[in-house]
Amino acid sequence: MLLNSKYFLTTIITNLLLIVCVQAQNPIIPAGTYGADATARVLQDGKLYIYASTDESVNYPCSWHFDALSTSDLKTWTVTKNIFSSKGDKDQVPYSNAPLFAPDIAYKNGTYYLYYCQPDLKNPEGVATSKSPLGPFVNGKSINLFGNNQIDPGVFIDDDGQAYYIWGQFQAKMAKLKPNMIEIDSATIKYNVVTQKEHFFHEASYMIKRNGIYYFIYTHMGRADRATSLGYATSKSPMGPFKYGGVIIDTDHSDTATWNNHGSLVEFNKQWYVVYHHSTHGDKGMRKICIEPIKFNEDGSINEVEMTTQGAGSPLDAKEKIDAERACLLYGNVRVDTVTSTNEALTQIQKGDFAAYKYIDFKDGLNNVTASIIPGRSGGSIDVVLDNSWGPSVGTIKIPAALGNDKNIEISTTIKSVKGVHAVWLRFNSDNQESFKLDWFKFK
Ligand code: FUB
């Protein structure tokens, strides 16, 4: 995605870098920016906020600061950088220089409480405060939770004002928070609230309440022993017992290295959404945050939803440029890579790879496709296939070999006329790993 001034605005205000990005599509953070472990909450001003770990390297997940996203319409997302740091000149964690993982947020009496965890400390979890939802958050204090596998803070405030703290891996632990919101009441600790054995629980506890039912959302390990799904369990009481509900979303085939998921549910403008992440770059870091609408059934159960490119928006207009990195499914060796600091593309394409885009609206009919390609040492082709990976090809884009000077070329080809809304699958043919990269495509 090549961002121009219409879509991308960078401003420095009181040391916080704001990136305003107009896009209703997945992923919701702009090219060159990465985040994971998203906790979504509607806060006092009615805006939707997403607090996330900030990824910055293919070699490790997370970093030493948190960014936050905010929106009023699910179309314009503002990324506020460095709302809280554990190292460097903005360091607000005096007792540790470890990276920051997996935030959650709570509000009480004019103060926002930002909970975080730091791996490998005796007391890994902590809390910082601010008078503003976008920080800066200051004065990080460690929380004494006792025991092993302390990870991923989740905070839930019930209708009676009682706040609960949830944490842990393999089994979730829960306790009441004291009124100061920074200490747990150790007399109330409950173990095995949700477990690997009974609920496929791995980590990433998050709780909401809807129609008197408490929903426990978590990373679900029940499919092929991988932590790529978000699951849920329900109860009539905040501390359980929780009944297993099922999977809400699975990020299998979002990236060759898909390895984990962590997210949340949020209601915004009378619609519920699941917020989740998946890796890019064929590696563990550089994760991207996405969002999909979900539906609650009459009995309170949640249907599993698929990953899409359109996310919280409508099907993409086929006549507008579609950034190749917005593929919701990738099969084979193909992956998203950063080609400049603000542009991503599909790279490492091999013969037989696929990328899917759900959904694209061709309206009354279009019969031409243009692809923006960064040519490589060997050429190839892209079949445009509708609805399923095995669906009919409506045309083929032929790509010449070039001695890779990293300059984009646009190639246009006539295709069979396509009408209406479809999933579009791109089926790649190329000779080796030094083949072309795909930047964007559009139809006319
Ligand atoms: O992002 C670092 C860790 O990976 C989180 O703590 C886990 O929930 C998993 O997403």
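Trainee: Where is Q350 placed, and does it count as buried or exposed, or something in between?

Mentor: Relative accessibility is read against two cut-offs: under 20% is buried, over 50% is exposed, and the range in between is partly exposed. This is a predicted model. In it, Q350 is in the loop that runs between strand 25 (343-347) and strand 26 (354-361). Its relative accessibility is 27%, so Q350 counts as partly exposed.

Trainee: What is the relative accessible area of I217, and where does the residue lie?

Mentor: I217 lies in strand 15. Its relative accessible area is 0%, so I217 is buried. S264 is 47 residues from I217 in sequence, and the two C-alpha atoms are 6.7 Å apart.

Trainee: Next, backbone geometry. Which peptide bonds are cis?

Mentor: The general idea is that most peptide bonds are trans, and that most residues other than glycine have a negative phi. In this model, the bond from G135 to P136 is cis, with omega near 5°. P136 sits in the loop between strand 9 (125-130) and strand 10 (138-142). Another cis bond joins G240 and P241, again with omega of about 5°. P241 belongs to the loop between strand 16 (229-235) and strand 17 (243-250).

Trainee: Which residues have a positive phi although they are not glycine?

Mentor: F170 has a positive phi of about 75°, and D225 has one of about 55°. F170 is found in the loop between strand 12 (163-167) and strand 13 (173-176). D225 is in the loop between strand 15 (213-220) and strand 16.

Trainee: How do F170 and D225 read on the accessibility scale?

Mentor: The relative accessible area of F170 is 36%, so F170 is partly exposed. For D225 the value is 63%, so D225 is exposed.

Trainee: Now the ligand. Which residues are around it?

Mentor: A shell can be read as a list of residues and then by class. The residues around the ligand are D37, C62, F101, A102, I151, D152, E203, N260, H262, H277 and R287. By class, that shell has four nonpolar, three polar and four charged residues.

Trainee: What are the distances from ligand oxygen atoms to the side chains of D37, E203 and H262?

Mentor: For D37, a side-chain N or O atom is 2.5 Å from an oxygen atom of the ligand. For E203, the corresponding distance is 3.4 Å. For H262, a polar side-chain atom lies 2.7 Å from a ligand oxygen atom.

Trainee: How much of the accessible area of the ligand does the protein cover?

Mentor: On its own the ligand has 280 Å² of accessible area, and the protein covers 97% of that.

Trainee: What share of the residues is buried, and what makes up the accessible surface?

Mentor: Of the 444 residues, 59% count as buried. The accessible surface of the chain is about 17800 Å², and 49% of it belongs to carbon and sulfur atoms.

Trainee: What share of the contacts joins residues at least 24 apart?

Mentor: Taking contacts between residues at least 6 apart in sequence, 57% join residues at least 24 apart.

How values were computed. Residues numbered from 1 in each chain as written. Predicted model: local features only at pLDDT ≥ 70, side-chain atom pairs only at ≥ 80, totals over all residues. Heavy atoms only, no water. Near = heavy atom within 4 Å. Polar contact = N/O pair within 3.5 Å; in protein donor to acceptor, adjacent residues only side chain to side chain. Areas by Shrake-Rupley, 256 points an atom, 1.4 Å probe, with all protein chains shown as cover. Nonpolar A, V, L, I, M, F, W, Y, C, P; charged D, E, K, R; others polar. Helix = DSSP H or I, 4+ residues; strand = E, 2+ residues; numbered from the N terminus. Buried < 20%, exposed > 50% of the residue type's maximum accessible area, 1.4 Å probe, protein only. Contact = heavy atoms within 4.5 Å.
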